[in-house]
Amino acid sequence: MDYIGEHLLPGKIGHFFVTLSFAASFVAMIAYYKASRAKNMEDELRWRKLGRGAFAINIFSVFTVFATVYYIISNHLFEYNFAWEHSSKALDMKYLLSCIWEAQEGSFLLWTMWQGVLGGILILTAKKWEAPVMMVMSFGQFCLATMIIGIYISNAKIGINPFLLVRQMESFANAPIFQRADYMSIPQMQDGQGLNSLLQNYWMVIHPPVLFLGFASTIVPFAFVMAGLVKKDYSGWVKMAIPWTLFSTCILGTGIMMGGAWAYESLSFGGFWAWDPVENASLVPWLVMVAGLHTLVVFNATGHSLRATYLFLILGYILILYSTFLTRSGILGDTSVHAFVDSGMNVQLVSFIFVFLVPATVMFIRDYKKIPHIVKEENTYSREFWMYIGSLVLFLSALFIMIATSLPVFNKAFGTQWSVGEDVTFAYNRIEVFIAIILGLLTAVTQYLKYKDTPKKVFYKKLMLPTIIAVAIAILVSVIEKINYNKYGPGFLTAIHLALFGAIYSVIANGGYIWSGLNGKLKVAGASVAHIGFGLMLVGILISTSKKALLSYNTTGINLNFDPKDKDKNPLENITLVAGVKTDMGKYWATYTGEDSTNQFGNISYYHIIMERKSDGELFNLYPDLVKATKGMQGVSQNPDKHHYWNKDIFSYINYASNLEKSKDTAQYKLYPVSLGDTVYYSNGYMVLKNTIRNPNNKKYHFTDKDTALMAEISVISRDSMRYTANPVFYLKGNSLHSIPDTVFAQNMAVILSGVVGNKLQIGVKESPNLVPFVSLKVYEFPHINILWIGTLIMIIGFVISMVRRWRLRGSV
C-alpha cells in the first residue's frame, strides 16, 4: 500500500547512518586492536590510520543521526513513532531537545555522541596510548550503537530503532487505522503524545547532556586501566589518566547536582535530594570515581595504592553500566519517580555490563600480582595513608547505597520483599551522616600532612588555629541557627552537629592551607578549593534539611478531602486559599489572586500568590504552576516556585486547584423547610440546624438592632466525620428580602437561607465544584540553601583548577 503524506526520506537517511556508525565502530575497534598488537611501527601506523578514519566516520554518522532525529521532531513528522510518542505541537521550542533524551534510544544516542567527541580528543592527545585506549573506546561505541540499531536476531530484539514509523510498531501492528492509505489525515495523527510534564523544565534541557557527558567520560579512565593491562605497562598511563579522571568526576558531579537543582525546581517532595533510586544510581559511580581519583594521585606521588586505583576505576565504569540497567530495565518503576519503563532490552542491558566486566575482571585478577605494589605500609602521619582511608570510606558509602538501591533487583531475583523501610530518607541519612562526619574531618586535616611522613609537632601546630576557629564557628552556627532537629532522637541530632562541625572544619582548614601551606597560590590549590566547596555543600545540606520548616499550616478550617495515603497532601499542611481572600499563614499573609495560562496551548496554568511578610510588610509574588499530563494520562504535574533571599528560600507548590474540575456551573439550590434540630442530607454527609441569631454582629457580619436580619447556625458533618459550620443570612432591606449564602469549600457546597415557610426556615443547598476559585498551597522555608549551590560551584572550580594543572603536567607519555 502506498501511504499518503508520509515523509520517508529522513527515516531512510537516519537508519543508514545508524548502520554506518555501527559498522564504523566495529572497524575502528578491530583496527585499533591490531594496532595495539602490532610488532613494528609500520604496521601500527597503518592500522592506527584505519582506526582513526573509521572512528571519524562513526562520529560523523552519530551526529548525523542526532540531527535527523531533531529534524523529525522539530518538523512534527508524527508518522515517526519518536516524534509521535515524545513530542507535540504544544511544546515550546526549548523543550524539543528534551524530547530526544526522554526516549531510551534518544538518551543512548546522546551518550554515543559524547563518547564519540571524547574519543576524537583522545585520538589527538593520547600519543603512545592511542591504540589500546581507542580500542576500548571503539568497543564502547560499538556497544552503544547496538542500542539504537533496532534489529531482530531470531526473536531477540537488539536495540530500539529511532526511525520506526508508528504503523511499524508492534503495539499497532493490527490497528485498523493503518489499513487506510490516508491515515495521516485523521485527527489522532495530527499531533503527538507530548513530552512528560515533569521534563518540561529548563533544567531538563541542560541537565541530561551534562549527566550523559559524565557517563560517557567514565570510560576514559577505564580505557587507560585496560590499556595498562593490555600493554603490561601497569603504571605508565597514570599521568595521562589523572586529568581525565578529574574531568570525569567533575562533569558527572556537576550533572548530578544539576539533577538536584531540577528536582528542587520541578518535583514536589520539597527538596533537592530524596534518595530516589535513579539519583542513587548516578551518585554511586561518582563516589567510586572520586575514590579512584584520590588513590590515583596517591600513586603518582608515592607509588602506593595502584591496585586500589585499578579496582576503583574499573568499578566506576562498570557501575555506570549497572546504573543504566537499573534505570532502564523497568525494575525501579515502583520505587522511582523518573525511571524508564521496561522496553524489552533487559538481556541486552545485562550483556552490556558483562562484556566489559568479564574481561576487565579476568585481566585484573590475572595481572594483580604484577601491578606495582609497595609492601611497606604507609606511615599513619602521611598524607597517602589518610587519603587511602578516605577512598575506602567513599567506596563503603557507595557500596551501602548501591546495595540499598538494588533491593528491587534482589527481590525480583530471589522472590524476597526486602526494603529500606517506609522512611526512605532516614534509612540512608542515618548512615550517610556518619560518612559526612568522617569525610569532613579527613578533608580538613589530610592536606596538612606531607607525603610519606610528617613531624607530629609541626602537624598539630599548623592545625591548631583552624581547629579552634572551626570549633568556635560551629558552636555559633548551632546556637544562632537553633539547630534542634529531634525528629529521630538525640543521637541523630548529635550526629548532625558533629557533621556540621566537620563540614565547617573542612572549609576553614582548607582555606587556611591555601593561605599558609600554598602561600595563596590558587593555581596549585585545586584540591583545597574543591574541598572548601565540598565542605560548604555539606553545611548547606545539613542546615537547609535540618531547619526546613513548613509554613503552610492550614488554620482556615477548610480542609480538602485528600487521599489519606498521600502523605504530601495532608489537609492540615496545605493551606486553602480562596481567591481574593487575604489569609493568615504564620509569618506571612497569603492572597491567591487568580489563575492564568500564558502559553498559547493552555496546558500550563500559573497561580498568582501574593505573599506579605508580617514583620515588615514586604510583598513578593509566587507563581507555582500546574502542567497538564501528556500521553493520554489524566492529572497534572506540579512545578514549584520560589522566592530567594540571601539566607533562605520560600518554596511553594500547588497540591490542588479548583479550576482542575472546571465546567459550566448548572447546579441549582435544593430547598428544604427545617426547624431547629432538623437534619438535611447531602451527597457527602448531612447538616443540622443548630440555632438562629437575630441581627448577628461578628467578624463576618455587622448588623445592628435597627436591622432586620436572621443568621442560621448550621453544623455540617461529612462522611469522614469532619465538621464544618455554615452561617447563611437573610435580611430585609427596603421592601425586599436578600440572602447571603455561606460556602463550605471543603465540601464544594453553598448553603442559603431563603426565607420562612409557615413556622419553618427554608434552607437551600447547592453542590458544585465551581463555587469560588481556590487553591491548596504547600509552602516550605529552606534556610541557607544557597550555601549548597555556592559550595557546588566552588567545588567545580576546584576540579577545573586541578584539571588544568594536571593536564599541563601529563608530560610526553
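The model is predicted: local features need pLDDT of at least 70, side-chain atom pairs count only at pLDDT 80 or more, and totals for chains, interfaces and linings use all residues. Residues are numbered from 1 along each chain as its sequence is written, and side-chain values use heavy atoms, with hydrogens and water left out.

Helices (H or I, at least four residues) and strands (E, at least two) are DSSP runs, numbered from the N terminus. Helix 8 covers residues 219–231, and its 13 residues reach 18 Å from the first C-alpha to the last, close to the 18 Å expected at 1.5 Å a residue; the expected span is 1.5 Å times one less than the number of residues. Eleven of the 13 residues are buried, and helix 8 is thus mostly covered. Buried means under 20% relative accessible area, exposed over 50%, and partly exposed in between (1.4 Å probe, protein chains only). Among the buried residues of helix 8 are F222, F224 and L229. Helix 8 is followed by K232, whose phi is positive, near 55°.

A nonpolar core is a set of buried Ala, Val, Leu, Ile, Met, Phe, Trp, Tyr and Cys residues joined through side-chain atoms within 4.5 Å. The largest core has 199 residues, and those with the most contacts inside it are W111, F224, W237 and F356. Helix 9 (residues 238–266) gives the most to this core, with 17 residues. When residues up to four places away in sequence are not counted, F224 touches L122, W129, V133, W237, M240, A241 and W244; contact here means heavy atoms within 4.5 Å.

Strand 12 (residues 648–657) is largely enclosed by the rest of the structure, because ten of its ten residues are buried. Two strands pair if DSSP finds at least two bridges between them. Strand 12 pairs with strand 11 (residues 641–644) in the antiparallel sense over four bridges, and these two strands form a hairpin with three residues between them. In this pairing, H644 stands opposite D649 in strand 12. Strand 12 also pairs with strand 23 (residues 774–783), in the antiparallel sense over nine bridges; here I650 stands opposite E781 in strand 23.

The side chains of K778 and E573 meet in one of them, at 3.4 Å from N to O. Since K778 lies in strand 23 and E573 in the loop between strand 3 (549–550) and strand 4 (575–578), the pair ties together parts that are 205 residues apart in sequence. K778 counts as buried at 1% relative accessibility, whereas E573 is partly exposed at 25%.

The salt bridge between E44 and R48 has its closest N and O atoms 2.6 Å apart. These residues are four apart in helix 2 (residues 41–74), and so are separated by about one helical turn. E44 is buried, with a relative accessible area of 15%, and R48 counts as buried at 14%. A network of salt bridges links E44, R48, R52 and E130.

Aromatic contacts complete the description. Rings of Phe, Tyr and Trp (its six-membered ring) pair if their centres lie within 6.5 Å; planes under 30 degrees apart count as stacked, over 60 as edge-to-face and the rest as tilted. A search of the whole structure finds 55 aromatic pairs. W84 and F172 form an edge-to-face pair, at 5.7 Å centre to centre and 85° between the planes. W84 lies in helix 3 (residues 81–86) and F172 in the loop between strand 2 (156–158) and helix 7 (203–217), so the pair ties together parts that are 88 residues apart in sequence. W84 counts as buried at 13% relative accessibility, and F172 as partly exposed at 25%. Y264 and F782 form an edge-to-face pair, with 5.6 Å between centres and 80° between the planes. This pair links distant parts of the chain, with Y264 in helix 9 and F782 in strand 23, 518 residues apart. Y264 counts as buried at 3% relative accessibility, as does F782 at 1%.

Conventions. A salt bridge is a side-chain nitrogen of Lys or Arg within 4 Å of a carboxyl oxygen of Asp or Glu.
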